[in-house]
Amino acid sequence: MKRRPLALAAGACLLALAACDSGSPAADSAAPGSQAPSSLPASSVQPAGCEQPADGPFRVGLVTINLQALFFNQINAAAQAMADDQGVELQIISGNDDSVTQANAIDTLVAGGVDAIIVDAIDTEGIKPSVQAADAAGIPVVAVDAIVDDPTVDAQVGTANSEGGAQMGEALLDQSGGEGEVGIVGALNSTIQLERQQGFTDAVTAGGMTVGTVVDGKNVQETAQSAAENLLTGNPDLQYVYATGEPALIGVAAAVRGQGAQDRVDVVGWDLSDPAVDGLREGWITGVVQQQTFEFGYRAMAAAIDLACGNPVERDQPVPTEIVTPDNVDDYTFYLED
């Protein structure tokens with residue numbers, strides 16, 4: 001396939017607000033290769049703060065989606081760095097890609113009387129009863145990445161996912177000339193990735209392209225790879241693939257390489273990883289929406305600390321996205337540094 005470059009401006013921003021993706025509250029160990037870098041970029045924000053209680057530091061719970069994806073571990077690393085700097089005790093709990101586990105983890109934190117909760121919701125509707133229970137107990141809640149549309153949420157930190165999907169769709173239209181079929185590897189259990197899927201679908205179909213097979217990677221890398229392999233095998237003439245998140249994009253990259261399809265398939269998606277960078281440098285991954293994961297963690301923790309102090313906090317805190325292409329990929333590899 002002859003490739004035309006994606007018409008994506010480096011550093012393009014989406015300034016609207018975002019949404020991304022318990023038994024025991026013990027944190028899971030992260031997957032190999034998913035650790036955030038040891039040297040973090042500086043935060044653009046700091047909490048106003050306050051004098052902490054005499055009986056001990058503030059305690060904040062962060063309930064994430066999983067500890068496999070680099071994306072979530074970078075949020076965690078920035079939140080931990082700010083917590084350490086501010087003398088705050090942070091407990092990070094994995095939802096293990098299960099909305100019930102995640103809700104139970106919040107309930108456990110509420111019962112333990114933490115001073116604030118940060119949550120990256122898997123199911124933004126299903127999490128509401130637990131968020132409301134936290135509010136009833138007087139515990140402020142910060143939603144990071146995924147928007148939880150409920151008045152009991154005190155702050156929302158994230159990216160405009162539907163708009164990001166649409167932006168990538170418009171870029172693919174420029175590349176394809178408005179022709180061709182695109183398959184999607186999504187995560188049908190993730191509100192945020194469904195928003196990215198819908199924004200992209202609306203854009204490409206309005207521009208003349210066809211959305212073909214949609215497969216469910218369930219926000220798990222191995223599942224996404226298997227789903228992508230089935231997508232490529234079942235659609236040998238497929239020209240384009242869109243991946244709605246980091247596990248999906250890694251899975252697609254593995255499937256494309258495994259089937260030697262680099263010369264016939266162009267891939268676009270979300271969130272950098274080593275396989276995504278390799279594909280960008282080789283030219284068959286043509287665009288990646290990159291979120292400022294560290295800024296997510298910093299802003300969410302700053303908001304949680306100020307809410308615990310009783311300080312005023314801006315409720316909607318949008319974080320711009322950036323577009324990575326084969327031409328500018330080297331400007332963004334710091335997200336993957338060890």
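These are my notebook entries on a predicted model of one protein chain.

**Ground rules.** I number residues from 1 along each chain as its sequence is written. In this predicted model, local features need pLDDT of at least 70 and side-chain atom pairs count only at pLDDT 80 or more, while totals for chains, interfaces and linings use all residues; side-chain values use heavy atoms, with hydrogens and water left out.

**Overview.** I looked up the secondary structure first. The protein chain has nine helices and 12 strands. These are DSSP runs, numbered from the N terminus: helices are H or I with at least four residues, strands are E with at least two. Next I checked burial. Of the 338 residues, 56% count as buried. Buried means under 20% relative accessible area, exposed means over 50%, and partly exposed lies in between (1.4 Å probe, protein chains only). The chain exposes about 12,500 Å², and carbon and sulfur atoms supply 47% of that. Accessible areas come from the Shrake-Rupley method with a 1.4 Å probe; for residues, only the protein chains shown count as cover.

**The sheet.** I followed an open sheet of six strands. Its order is E2-E1-E3-E4-E5-E11, with parallel pairing. Two strands pair if DSSP finds at least two bridges between them. Which strands stand at the edges? They are E2 (89-94) and E11 (316-318). Each has a single partner strand, so one side of each is left without a neighbour in the sheet. The twist averages 15° from one strand to the next. Axes here are lines fitted to C-alpha atoms, for helices over the stretch in contact, and angles run from 0 to 180 degrees between N-to-C directions. I then checked E1 against E3 (residues 116-119). They pair in the parallel sense over four bridges. Val63 has Val119 in E3 as its bridge partner.

**The disulfide.** I found one disulfide in the structure. A pair of cysteine sulfur atoms within 2.5 Å counts as one. Cys50 and Cys309 form it, with their sulfur atoms 2.0 Å apart. Cys50 lies in the segment before strand E1 (59-64) and Cys309 in helix H9 (residues 293-309), so the pair ties together parts that are 259 residues apart in sequence. The torsion about the S-S bond is about -80°, so the disulfide is left-handed. Is Cys50 buried or partly exposed? Cys50 is partly exposed, at 37% relative accessible area.

I ended at Leu188. Leu188 sits in the loop between strand E6 (181-186) and helix H5 (191-206). Its relative accessible area is 43%, so Leu188 is partly exposed.
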